[in-house]
Amino acid sequence: ARLEDTAEMAVSAKRPTSRDVACLAGVSQTTVSLVINDVPTAGITPETRDRVKQAIASLDYYPHEGARSLSRRATHTIGVAIPDAGNPHYLEITEAIEAFAVQRHYSIVLIVTNYDINRELRCLQWLKQQRMDALIICPSTGEQFEAEIRAAREQGYQVTTFQENVLPPLGTGERPLFEHLAALGHRRIGYVYGVASQEWFADRLRSCLQAQASLGLPVEEQWIARCGPSIDDGFQATHELLSRCSGEHRPTALIVVNDLLAMGVIAALNAAGIVVPEQMSVAAFDNTRLARYISPPLTSVDPEAHTMGENIARIAFDRLTAPDK
């Protein structure tokens, strides 16, 4: 009988197995496994490989990845944990990580932690349960979770954070941004800073204040609005800042921690009848694809998210191949 005809008889309502493939191709299950895993030293003839591959295609057979992972103690999967799926900056970094992983025949599992330490800890649990070979994470809960990461690494688990050697040095974008605003004539510059619980963002605010002071620009605590990470938070924080600052005591420019919050800031200014940029300038960080479509287009410092993602992925894969790194 032709292979195609035999395949039709072999297929049943149940999921096809490697035994079905072996029977159809007239080989052992071991041979099927060697072909699927493309073992170069197996000594299988090209004709036999072709026959097995034809049987796999005819049966629409897919190997059980869980079983394969147990046998080789690898999943070919990288976990990528981000704190906020609504922030395009994290998604652009993730796109670059995935592209890097696919080139190396790995898949990624995207995990959204929502700034919740329990979800971050769950990521480490999944890594230890071998659901993934490595974890790339942007932790949001500071020193408490950093201790957990150190402990996991000491046990031999591969964990890479967004903060490792990939973020642009503080001051790289802050001072040029201030110089740009000062050149436009701004002296009263305020801030809308969300995700204040993340230490790196607190450092960025300090860097901005230092740059502001070094240029001889006044620094006023009332011009700083600290808030949560959402667009709504940015809107409400801006509304409150405008309520406590009026007239000549109001900033003429606002620096926002990221493009996402800047959307809420601009919406709040529009609601208050303040025209951007004629009456108040708005600038941010991240330069996501979103920035050019905000009206008016947003001035935003570009940290090169794609390069960041590639660098993070490269560090993670280097550690997989050389665990002592």
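Q: Is M132 buried or exposed?
A: M132 is at 5% relative accessibility, so it counts as buried. Buried means under 20% relative accessible area, exposed means over 50%, and partly exposed is in between, with a 1.4 Å probe and protein chains only.

Q: Before I go on, what kind of model is this?
A: This is a predicted model, where local features need pLDDT of at least 70, side-chain atom pairs count only at pLDDT 80 or more, and totals for chains, interfaces and linings use all residues. Residues are numbered from 1 along each chain as its sequence is written, and side-chain values use heavy atoms, with hydrogens and water left out.

Q: OK, back to M132. Where is M132 found?
A: M132 is in the loop between α7 and β3, which covers 134–137. The helices (H or I, at least four residues) and strands (E, at least two) are DSSP runs, numbered from the N terminus.

Q: And what does M132 touch?
A: Leaving out residues up to four places away in sequence, M132 touches T75, T77, G79, I111, W126 and L127. Contact here means heavy atoms within 4.5 Å.

Q: How many residues apart in sequence are M132 and V80?
A: They are 52 residues apart in sequence, and 9.9 Å apart in space, C-alpha to C-alpha.

Q: Which other residue has a positive phi although it is not a glycine?
A: H105 does, at about 60 degrees. H105 is in the loop between α6 and β2, and counts as exposed because its relative accessibility is 67%.

Q: Why point those out?
A: Most residues other than glycine have a negative phi, and most peptide bonds are trans.

Q: Speaking of peptide bonds, which one is cis, with omega near 0 degrees?
A: The one from V276 to P277. P277 lies in the loop between α12 (259–271) and β8 (281–285). The bond from S295 to P296 is cis too, with omega near -5 degrees, and P296 is in the loop between β8 and β9 (299–301).

Q: Switching to helices. How do you describe two packed ones?
A: By the angle between their axes and the distance between the axes. The axes are lines fitted to C-alpha atoms, for helices over the stretch in contact, and angles run from 0 to 180 degrees between N-to-C directions.

Q: At what angle do α7 and α8 pack?
A: About 5 degrees, with their axes 11 Å apart. That makes α7 roughly parallel to α8. Angles under 35 degrees count as roughly parallel, over 145 as roughly antiparallel, 65 to 115 as roughly perpendicular and the rest as oblique.

Q: Which residues make that contact between α7 and α8?
A: I117, E120, L121, L124 and K128 come from α7, and Q144, F145, E148, I149 and A152 from α8. They divide into six nonpolar, one polar and three charged. Ala, Val, Leu, Ile, Met, Phe, Trp, Tyr, Cys and Pro count as nonpolar, Asp, Glu, Lys and Arg as charged, and the others, Gly among them, as polar.

Q: And α3 with α4, at what angle do they pack?
A: Helix α3 (residues 29–36) and helix α4 (residues 46–59) pack at about 90 degrees, with their axes 10 Å apart. They are therefore roughly perpendicular to each other. In this pair, T31, V32, L34, V35 and I36 of α3 meet T48, R49, V52, K53 and I56 of α4.

Q: How far apart are the axes of α6 and α13?
A: Those axes are 7 Å apart, and the angle between helix α6 (residues 88–103) and helix α13 (residues 305–321) is about 45 degrees. That makes α6 oblique to α13.

Q: One more residue: where is T113?
A: T113 sits in the loop between β2 (107–112) and α7 (117–128). T113 counts as buried because its relative accessibility is 0%. Among the residues T113 touches are A81, I82 and P83.

Q: Last one, how many helices and strands does the protein chain have?
A: It has 13 helices and nine strands. Of its 325 residues, 44% count as buried.
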